[in-house]
Amino acid sequence: MLDADESIDHPTKVTAFRTLRGHSASVQSIAPRASGDMVCSGSWDSRINIWHTKGSDTGANLVSVKKRRKDSEDVDSQSEGEAVSTLVGHTQCVSSVVWPERGTIYSASWDHSIRRWDVETGKDSMNMFCGKVFNCLDVGGESSALIAAGCSDPILRIWDPRKPGTSAPIYQFSSHTSWISACKWHDKSWFHLLSASYDGKVMLWDLRTAWPVTIIDSHKDKVLCADWWKGDSVVSGGVDSKLCISSEVAVQ
């Protein structure tokens, strides 16, 4: 637990209490299960690993690293964990993963596909191709069932996987002028989501209109990440080394 009143001249140093090893290339994306007991990770090795996080789930997949002294200072004990399962199917970098339901993981990849995985069986129950490299995805909207994704083009695409027999997006928004790097559904609205782009802008969308309801132009270079913050405010980060927090926008 961190003490917010502690002087910024003496920041608290926090070390990892657990290290999870198993990928053979860079980890590109992570997503926790809502219960907090597990997390999944997508990697440049084309795989998705699933891990236990709680101490009660030690078992055979965790190895204890004893407490030791370094430069006359105590170093906290750690544990190292191995993946409890691996989801195999993508052929290139897994750029984004989300875990919206206990038994379901969604993933997007540079192999031009979005997959829906059954956590228990490790099999994909849906495989959609777009013809573009995927950079990001999120699941939300009506009944938390719509898939939003950004690709290596300026178009924000939205699918409804409940409609069988079609892989065509039900919405396509094309007001950005460069690749889309992030997208995020609003927690409390079926209609609203945001997107961030290499064009330096964050756009807020309402599915009931064809144009962005708000354009946030606070960055001077590519925007790499964005999310909702404290309800209807937006926080974003970019190549310009800045975090920008935008005031509340109208979400109705």
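This is a predicted model: local features need pLDDT of at least 70, side-chain atom pairs count only at pLDDT 80 or more; totals for chains, interfaces and linings use all residues.
Biologist: Over how many bridges do β10 and β11 pair?
Modeller: A hairpin joins β10 to β11 through two residues. Strands count as paired if DSSP finds at least two bridges between them. Here β10 and β11 (residues 104-109) run in the antiparallel sense, and the number of bridges is five.

Biologist: How many of the eight residues of β10 are buried?
Modeller: Buried means under 20% relative accessible area, exposed over 50%, and partly exposed in between (1.4 Å probe, protein chains only). Strand β10 (residues 94-101) is largely enclosed by the rest of the structure, because its buried residues number six.

Biologist: Where is R33 found, and which residues is R33 in contact with, leaving aside its neighbours within four places in sequence?
Modeller: R33 has 8% relative accessibility, so it counts as buried. Its place is the loop between β2 and β3 (38-43). Contact means heavy atoms within 4.5 Å. Beyond those sequence neighbours, R33 touches M38, W99 and R102.

Biologist: How far apart are the closest N and O atoms of D37 and R33?
Modeller: Side chains of opposite charge can pair when their charged atoms come close. A salt bridge is a side-chain nitrogen of Lys or Arg within 4 Å of a carboxyl oxygen of Asp or Glu. D37 and R33 are both buried, and the N to O gap in their salt bridge is 2.7 Å.

Biologist: Which residue forms a salt bridge with R157?
Modeller: The structure holds seven salt bridges. With closest N and O atoms 2.8 Å apart, the partner is D153.

Biologist: About how much space lies in the largest pocket?
Modeller: On a 1 Å grid over the protein atoms alone, a pocket is an open set of points where a 1.4 Å probe fits, with protein on both sides within 12 Å along at least five of seven lines; lining residues have an atom within 4 Å of a point. Points are joined across faces, edges and corners, and a volume is the space filled by probe spheres set on them. For the largest pocket that gives about 880 Å³.

Biologist: Which residues that line the largest pocket are the closest to its centre?
Modeller: The elements giving two or more residues to the lining include β10 and β14 (134-140). Of 40 lining residues, those closest to the centre are V98, L137, D138, C183 and K184.

Biologist: How far apart in space are I215 and K201, C-alpha to C-alpha?
Modeller: I215 lies in strand β21 (residues 214-216), and its relative accessible area of 47% makes it partly exposed. Along the sequence, I215 and K201 are 14 residues apart, but in space the C-alpha distance is 6.7 Å.

Notes:
Residues are numbered from 1 along each chain as its sequence is written. Side-chain values use heavy atoms; hydrogens and water are left out. Helices (H or I, at least four residues) and strands (E, at least two) are DSSP runs, numbered from the N terminus.
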